[in-house]
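Me: I am new to this structure and would like to go through it step by step. Could you show it first?

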Amino acid sequence: YVFSRAAQTARHKNLNWIKFDALSDEIESTLEKLPEVNGVIHAAAYVTPGNTITGVEKYRRVNMEFSDRLFKYFAMHKQAIPVLYFSSFSFLQKPLNDVQTEDDAVAPGSFYSLSKYWGELSLLEYAKTAQYRPIIFRISSPVSNDFKLMHNTVVKKWIELGKSGNAITVYGAGKRRQDFVSASDIAEAALLSIENNSVS
């Protein structure tokens, strides 16, 4: 089952697309209608940049309250299933070390990064009394394999410039580094982590 407020973007004989908004108050009643849940992948988030009042409210309701209710639901139902949460590197103290570990300092610099860190804490706190297996992915700039579904990142802009024969402009000193990860690689890693009971 896929819960999404967006229109269906993928089709498969075993895929059931359910229109749902994380701002809804009906998460528990919607989950109750599912016949069986063998695993959870929580990738929903409000990601619009900026710290406006409207944005802060959505970070709280979507990234924090929704996550909390989802983790609490599966903790209360005592289901021995994997629960994968998509988090972020954004709350780690900058500059990032070449290799990040669980001992790295935390320094959220935005409401978004704070909400992702809070989500990790919530998942792990409920796991203390739950039977579910908590898994956390800190993803760096995912890139869709479908050009039409790509967000307006520098990758998409460069591809568009290259396809149109225009020069690719790099602003600044050219020293900034950023990792981009293919969505298909992320999906494969998620599937493997869910199927491998030793991952948590």
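Reply: What follows is a conversation about helix packing, salt bridges, aromatic rings and some individual residues.

Me: What kind of model is this, and how are residues numbered?

Reply: This is a predicted model, in which local features need pLDDT of at least 70 and side-chain atom pairs count only at pLDDT 80 or more, while totals for chains, interfaces and linings use all residues. Residues are numbered from 1 along each chain as its sequence is written, and side-chain values use heavy atoms, with hydrogens and water left out.

Me: Let us begin with helices. At what angle do H2 and H3 pack?

Reply: The angle between H2 and H3 is about 10°, and their axes are 9 Å apart. Helices here are DSSP runs of H or I with at least four residues, strands are runs of E with at least two, and both are numbered from the N terminus. Axes are lines fitted to C-alpha atoms, for helices over the stretch in contact, and angles run from 0 to 180 degrees between N-to-C directions.

Me: Why those two values?

Reply: Two packed helices are described by the angle between their axes and the distance between the axes. H2 and H3 are therefore roughly parallel to each other. Angles under 35 degrees count as roughly parallel, over 145 as roughly antiparallel, 65 to 115 as roughly perpendicular and the rest as oblique.

Me: Which residues of H2 and H3 meet?

Reply: On the H2 side they include Val56, Tyr59, Met64 and Phe71, and on the H3 side they include Phe111, Tyr112, Trp118 and Leu123. The residues of this contact divide into 10 nonpolar, four polar and three charged. Contact means heavy atoms within 4.5 Å. Ala, Val, Leu, Ile, Met, Phe, Trp, Tyr, Cys and Pro count as nonpolar, Asp, Glu, Lys and Arg as charged, and the others, Gly among them, as polar.

Me: Changing topic: how many salt bridges are there?

Reply: The count comes to seven salt bridges. A salt bridge is a side-chain nitrogen of Lys or Arg within 4 Å of a carboxyl oxygen of Asp or Glu. Asp25, Glu28 and Arg69 are linked in a network of them.

Me: What about Arg60?

Reply: The side chain of Arg60 forms a salt bridge with Glu57 at 2.5 Å, N to O, and another with Glu65 at 2.1 Å, N to O. Arg60 and Glu57 are three residues apart in helix H2, which spans residues 53-76, and are separated by about one helical turn. Arg60 is partly exposed, with a relative accessible area of 33%. Glu57 is also partly exposed, at 35%. Buried means under 20% relative accessible area, exposed over 50%, and partly exposed in between, using a 1.4 Å probe and protein chains only.

Me: And where do the partners Arg138 and Glu102 lie?

Reply: Their side chains meet in a salt bridge at 3.8 Å, N to O. Arg138 lies in strand S5 and Glu102 in the loop between strand S4 (82-88) and H3, so the pair ties together parts that are 36 residues apart in sequence. Arg138 is buried, with a relative accessible area of 19%, whereas Glu102 is exposed at 69%.

Me: On to the rings. How many aromatic pairs does the structure hold?

Reply: There are eight aromatic pairs. One of them joins Phe20 and Phe66 and is tilted, at 6.4 Å centre to centre with 40° between the planes. Phe20 lies in the loop between strand S2 (17-19) and helix H1 (27-32) and Phe66 in helix H2, so the pair ties together parts that are 46 residues apart in sequence. Rings of Phe, Tyr and Trp (its six-membered ring) pair if their centres lie within 6.5 Å; planes under 30 degrees apart count as stacked, over 60 as edge-to-face and the rest as tilted.

Me: What does Gln131 touch?

Reply: Leaving aside neighbours within four places in sequence, Gln131 is in contact with Lys78, Gln79, Ala80 and Ile81. Gln131 is in the loop between helix H3 (111-127) and strand S5 (133-139).
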